[in-house]
Amino acid sequence: MVRRGRTGEAALEALSDIGSLRRELDREELEAVRDARRARRSWAEIATRLGVSRQSAWEKWRDLDEEPAVEPVLAEAVDEMARVATGALVEVPDVVGMTWREARARLAEHRLHPLAADPELRRRLRPDSAAHVVTEQKPAAGERIAPHEAVTLWLREGPGDAGVPAPLEPRPDPRVRRGAVDEATGESVR
């Protein structure tokens with residue numbers, strides 16, 4: 001039940017409580033979707049239960065299908081350890097400048113879930129993609145959050161394997177490419 005008319009410290013405490021509750025719900029939602037996918041439930045079934053479209057559910061959590069399979073007993077043990085450590089927070093690593101593949105691996109080491117901010121890009125990304133580089137992240141590096149929370153990443157197409165973007169050169173004049181202009185004098189040869 002929401003009380004209105006709070007002032008001062010009571011209003012800030014309410015916001016803090018709402019933030020904590022929202023993070024807990026997000027974490028529980030992620031785990032429930034992960035469990036449903038492990039149980040071979042369809043995206044349509046998951047979406048219906050959440051009251052969203054199948055497409056939006058798939059876009060938000062499709063990376064879960066690409067996670068390596070974990071033995072159920074081991075997964076339960078890890079979940080239990082996380083529950084025991086309730087209140088234990090992990091520090092968000094700095095993944096800005098890393099490729100999508102590197103950022104995913106780094107966040108997984110810290111028990112965090114990477115999420116691409118752009119829904120259009122999410123459809124094209126693959127887990128091993130090195131063609132996209134992280135330009136921004138939220139929460140920021142150094143913040144402390146609960147394990148298994150999502151870290152939203154903004155990506156741009158990267159420079160490729162060399163690591164240094166090549167300078168763009170102007171395109172040659174189409175007449176030069178066809179041989180209609182003398183390159184030395186710039187005069188027409190036809």
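Colleague: Which residue meets E31 in a salt bridge?

Modeller: The partner is R34: the two side chains meet at 2.6 Å, N to O. Please bear in mind that this is a predicted model.

Colleague: How far apart are E31 and R34 along helix α1?

Modeller: They are three residues apart in helix α1, which means that about one helical turn separates them.

Colleague: Is E31 buried or exposed?

Modeller: E31 counts as buried because its relative accessibility is 13%, and buried means under 20%. R34 is buried too, with a relative accessible area of 10%.

Colleague: What lets such side chains pair in general?

Modeller: Side chains of opposite charge can pair when their charged atoms come close.

Colleague: How many salt bridges does a search of the whole structure find?

Modeller: The search finds seven salt bridges. One of them joins K60 and E29, with 3.6 Å from N to O.

Colleague: Where do K60 and E29 lie?

Modeller: K60 is in helix α3, residues 54–61, and E29 is in helix α1. The pair links distant parts of the chain, 31 residues apart.

Colleague: And how accessible are K60 and E29?

Modeller: K60 counts as partly exposed, at 34% relative accessibility. E29 also falls in the partly exposed class, at 24%.

Colleague: Which residue forms a salt bridge with D63?

Modeller: D63 pairs with R104, and their closest N and O atoms are 3.6 Å apart.

Colleague: Is D63 buried or exposed?

Modeller: D63 counts as buried, at 11% relative accessibility. R104 is buried as well, with a relative accessible area of 15%.

Colleague: Let us turn to the helices. At what angle do α2 and α3 pack?

Modeller: Helix α2 (residues 43–50) packs against α3 at about 105°, and their axes are 8 Å apart.

Colleague: Why is α2 described as roughly perpendicular to α3?

Modeller: The description follows from the angle of about 105°, because angles from 65 to 115 degrees count as roughly perpendicular. On that basis α2 is roughly perpendicular to α3.

Colleague: Which residues make the contact?

Modeller: From α2 the contact involves W43, A44, A47 and L50. From α3 it involves R54, A57, W58 and W61.

Colleague: A change of topic: where does R126 lie?

Modeller: R126 sits in the loop between α6 (119–124) and β3 (132–138). At 43% relative accessibility, R126 counts as partly exposed.

Colleague: Leaving aside neighbours within four places in sequence, which residues is R126 in contact with?

Modeller: With those neighbours set aside, R126 is in contact with R62, E66 and W100. R126 and W100 are 26 residues apart in sequence, and their C-alpha atoms are 8.6 Å apart in space.

Colleague: Lastly, which residues form a nonpolar patch on the surface?

Modeller: L12, L15 and I18 form the patch, and together they have about 300 Å² of accessible area.

Colleague: Where does L15 lie, and why does it count as exposed?

Modeller: L15 lies in helix α1, residues 8–38. L15 counts as exposed because its relative accessibility is 57%, and exposed means over 50%.

Technical notes. Residues are numbered from 1 along each chain as its sequence is written. This is a predicted model: local features need pLDDT of at least 70, side-chain atom pairs count only at pLDDT 80 or more; totals for chains, interfaces and linings use all residues. Side-chain values use heavy atoms; hydrogens and water are left out. Patches are made of residues with over 30% relative accessible area and no salt bridge: like charges are joined within 9 Å, nonpolar side chains (Val, Leu, Ile, Met, Phe, Trp, Tyr) within 5 Å. Accessible areas come from the Shrake-Rupley method with a 1.4 Å probe; for residues, only the protein chains shown count as cover. A salt bridge is a side-chain nitrogen of Lys or Arg within 4 Å of a carboxyl oxygen of Asp or Glu. Helices (H or I, at least four residues) and strands (E, at least two) are DSSP runs, numbered from the N terminus. Buried means under 20% relative accessible area, exposed over 50%, partly exposed in between (1.4 Å probe, protein chains only). Axes are lines fitted to C-alpha atoms, for helices over the stretch in contact, and angles run from 0 to 180 degrees between N-to-C directions. Angles under 35 degrees count as roughly parallel, over 145 as roughly antiparallel, 65 to 115 as roughly perpendicular and the rest as oblique. Contact means heavy atoms within 4.5 Å.
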